[in-house]
Amino acid sequence: MTAPEVPIWALVHLTHAALQRTADRAGADVLHIKGPATRSSLRTGRHDSSDTDVLVRPAHLDRFLAALAADGWTLFTGFEEGSPFGHAANYTHPSWTYADVHRKLPGPLLDADEVFDVLWRDREHAEIGHCRCTVPSLAGQVVVQTLHAARSHGSEHADAWDLSAPEVQDDARALARELKAETPLAAAIGELDAHRDAPDHALWEYWSSSESDRLDEWAARYRSAAGVAERWRVLRQAMHVNRTHLRIRLGHEPTPFEVFREQCARIAHGAVSVLRRARGHRA
Amino acid sequence: MTGFYSCSPDVAWVDGTDGGRPESTVWIARLDTAELYELREAGWLVWVLIAEGIGDPDRIAKEAADLGAAIDFGEHGLQGFLDGLERRGMIVRR
């Protein structure tokens, strides 16, 4: 009767249910996002995601992470080691599939606490694994998927947006406005030029472009950083070697020499990008 | 046969239909222990019937017969199968 190998798509459903239970027991507000937490009407086909995503109320993050640990989850990639947005930590569990725990959504300029408040205010419930899970409203689901598409370098299409009725798109635009996420929304749906003067235009031009390199990324993040402290943080990050990524790539804990070698490679890569531009190899 | 069964509140489950797959299989998770189980064919049918609120063993047997499903749970029969599910905490008796 035991099932040593549950298909990954099914395990995603069960993992969502497990995370909801953990959140309930911890008294933490979470919103399930993406995958089966998105209405089927907003997807072009059946979902084949391999991990689960939850957005946690920032004020409840510590208690939720403590509850995860108590339930047997192990941190795989920390918030600062994952994406450049530092928005999610990745957890593993012997039974469940990977869980991406989001402390914020990449995209909105509104404070993360306020973003969660807005999404939570309009929340609804979905049966995932035949368990009641909290999910964003329909417009919230559209915004979440569309913002995700906006930072995919063109690899993910804004399906939820395209599949939405005009009135739902209007609701999603209003929500994006409330979240101060109009620029990334525009980037995903081909309207970025209308936001040329926005402070985060460069950032979303980079993330939505399919022809950008790391130097473009750091330049865009630098230009979009608010204030001297934030710009200094971006510069420090640009030179920082992500040990987790290096460990995954090497298959073992990197030695000090390997970290040093990676540091040199980053500097060399940046220099090559600059030279290629100077020689006009890139448009 | 005695008892009226329902799915335990501590389980999550998903079957082929939930994923748009034509599979008569259900995967069940005990959320409190993180144990995973799989039921196929006749086991899947029994599970789905219980989830639909058909928790009386006699009625489960009748529904299965009406659907033309051949259920062979071996020496201990359907009741033995239900006992096994209950022992594993997947279903509860009311």
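A crossing of two helices is left-handed if the near helix is turned anticlockwise from the far one by less than a right angle, and right-handed if clockwise. Helices (H or I, at least four residues) and strands (E, at least two) are DSSP runs, numbered from the N terminus. The structure described here is a predicted model, in which local features need pLDDT of at least 70 and side-chain atom pairs count only at pLDDT 80 or more, while totals for chains, interfaces and linings use all residues. Residues are numbered from 1 along each chain as its sequence is written, and chains are lettered from A and ligands numbered from 1 in the order in which they are written.

Chain A comes first. It is divided into domain 1 (7-136), domain 2 (140-225) and domain 3 (241-283), with bounds that come from an automatic or database domain assignment. The C-alpha centres of domain 1 and domain 2 of chain A lie 21 Å apart. Their contact takes 21 residues from domain 1 of chain A and 21 residues from domain 2 of chain A; two residues are in contact if their C-beta atoms, placed from the backbone, lie within 7 Å. On the side of domain 1 of chain A that touches domain 2 of chain A, the largest share, three residues, is given by helix 3 (residues 112-121) of chain A. That side holds 13 nonpolar, four polar and four charged residues. In this division Ala, Val, Leu, Ile, Met, Phe, Trp, Tyr, Cys and Pro count as nonpolar, Asp, Glu, Lys and Arg as charged, and the others, Gly among them, as polar.

Chain A also has an open sheet of five strands, in the order 1-2-5-4-3 and with mixed pairing; two strands pair if DSSP finds at least two bridges between them. Strand 1 (30-33) and strand 3 (74-77) of chain A stand at the edges with a single partner strand each, so one side of each has no neighbour in the sheet. Neighbouring strands of this sheet are turned by 35° against each other on average, direction ignored. Strand 1 and strand 2 (residues 51-56) of chain A pair in the antiparallel sense over four bridges, and A:V30 has A:V56 in strand 2 of chain A as its bridge partner. Helix 1 (residues 8-26) of chain A packs on this sheet, where it touches strand 1, strand 2 and strand 5 (98-102) of chain A, and its direction makes about 25° with that of strand 2 of chain A. Axes are lines fitted to C-alpha atoms, for helices over the stretch in contact, and angles run from 0 to 180 degrees between N-to-C directions.

Two packed helices are described by the angle between their axes and the distance between the axes. Helix 1 and helix 2 (residues 61-70) of chain A pack at about 120°, with axes 9 Å apart. They are therefore oblique to each other; angles under 35 degrees count as roughly parallel, over 145 as roughly antiparallel, 65 to 115 as roughly perpendicular and the rest as oblique. The crossing of helix 1 and helix 2 of chain A is right-handed. A:T22, A:A23, A:R25 and A:A26 of helix 1 of chain A make this contact with A:R63, A:F64, A:A67 and A:L68 of helix 2 of chain A.

Another helix pair in chain A is helix 4 (residues 138-150) and helix 6 (residues 166-178), which pack at an angle of about 70° with their axes 8 Å apart. Helix 4 and helix 6 of chain A are therefore roughly perpendicular to each other, and their crossing is right-handed. The residues of this contact are eight nonpolar, one polar and one charged.

Chain B has an open sheet of three strands in the order 2-3-4, with antiparallel pairing. Its edge strands, strand 2 and strand 4 of chain B, each pair on one side only. Strand 2 and strand 3 of chain B pair over five bridges, and B:V11 stands opposite B:R30 in strand 3 of chain B. Helix 1 of chain A packs on this sheet too, touching strand 2 and strand 3 of chain B.

As for the two chains together, 14 residues of chain B are in contact with 19 residues of chain A. Strand 2 (11-15), strand 3 (25-30) and strand 4 (35-40) of chain B are the elements that give two or more residues to the side of chain B that touches chain A.
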